[in-house]
Structure formats: C-alpha cells, structure tokens
Amino acid sequence: MVVIVEPALHGLGRYFQQMEQGQQITVLESMQYEWMRVRSFWSFPRNAGVSYLYLARIGFFYTGRVSETCCYSCGQIYREWREGDNPLEIHRRISPHCLHLNDGDARNMPIYADVINQWPAIPWEPLLEEAARPPVDEEPADLPEAGM
Ligand SMILES: [Zn+2]
C-alpha cells in the first residue's frame with residue numbers, strides 16, 4: 001500500500017490510483033505529471049546548459065533523443081538547448097498559444113500543489129541549485145518534503 005501525503009506529491013496519488021485500477025496510461029498522458037517529466041530527464045545530456053527541473057516545470061519532457069524535448073501540452077519539440085537559454089522565452093516563442101504557458105493546462109499535475117495558483121510567478125531558481133543533480137531512479141520518497 002502506497003501512502004501519498006498531499007500536497008507533497010500532488011497528483012501522484014491519482015497516478016498510482018490509475019495504476020492500481022489497471023487503467024492504461026500512455027507515455028504522453030503520464031507526462032501531464034510534472035514528476036514524470038522530471039524523471040524523463042534522467043538521461044538528458046548534462047552539458048545541455050539548461051535545468052531539466054525548469055524544463056519539466058514549464059511543460060517539457062525528454063524524448064530520449066540527443067537533447068530533444070517535447071511539451072506535453074502543445075506537443076512542440078525543441079532540441080537546440082544552449083547554455084544560458086531562457087527555456088520559458090523559447091517555449092513562448094515556438095508555441096505562443098501553448099495552454100500550459102497561458103491559462104494553464106488543467107491536465108498538468110504539478111509536483112507541489114501549492115504552486116498551482118502561483119505559477120509562473122513563483123521564485124523557482126533557488127530550488128534549482130539545491131536540486132541540481134540527476135534524478136535518482138528510486139522511490140519517489142527521495143523527493144524533498146514540501147514546506148508545510
Ligand atoms: Zn507547450
């Protein structure tokens with residue numbers, strides 16, 4: 001029995017519930033979960049020069065091909081990441097009407113529930129330095145606890 005404490009892992013409860021009930025969930029559907037997007041970056045090139053945590057936050061997941069990323073919401077693909085890039089700006093440029101970036105895509109399940117109504121105006125960068133290590137391919141319990 002997996003016990004998920006909300007809102008620390010917001011949305012994953014529903015994910016596990018779907019799994020338990022044997023519901024089929026496609027890879028693309030699973031990318032509606034920010035946590036799954038973060039996990040998709042486990043083999044993302046470390047020298048890409050952009051934060052995979054930030055990419056996941058703004059909708060991208062890693063397709064596994066070179067540095068190719070795709071947005072779960074608008075489906076746009078981008079693979080030209082360079083050091084110093086502003087991923088949010090690039091996402092807006094290649095997909096001005098992306099639902100995730102505009103009104104917010106209701107399918108998105110962010111890792112932290114408390115960011116739902118604050119996105120994207122929350123300070124995110126301080127978190128990046130702390131978490132600037134490859135995702136650990138283990139139990140989700142490795143996630144830092146949400147400040148409650
Ligand atoms: Zn998008």
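What pattern does the protein follow when read along the sequence? It runs α-α-α-α-β-β-β-α-α, with six helices and three strands in the protein. Here helices (H or I, at least four residues) and strands (E, at least two) are DSSP runs, numbered from the N terminus. What you see above is a predicted model, in which local features need pLDDT of at least 70, side-chain atom pairs count only at pLDDT 80 or more, and totals for chains, interfaces and linings use all residues. Residues are numbered from 1 along each chain as its sequence is written.

Now for the interior. Of the 148 residues, 28% count as buried, meaning that 20 or more other C-beta atoms, placed from the backbone, lie within 10 Å of a residue's own. The largest nonpolar core has 25 residues; such a core is a set of buried Ala, Val, Leu, Ile, Met, Phe, Trp, Tyr and Cys residues joined through C-beta atoms within 7 Å. Tyr33, Phe41, Ala56, Phe60 and Phe61 have the most contacts inside this core. At least two of its residues come from each of helix 1 (12–20), helix 3 (34–40), helix 4 (52–57), strand 1 (60–62) and strand 2 (69–71).

Methods. Buried ≥ 20, exposed ≤ 12 C-beta atoms within 10 Å, placed from the backbone.
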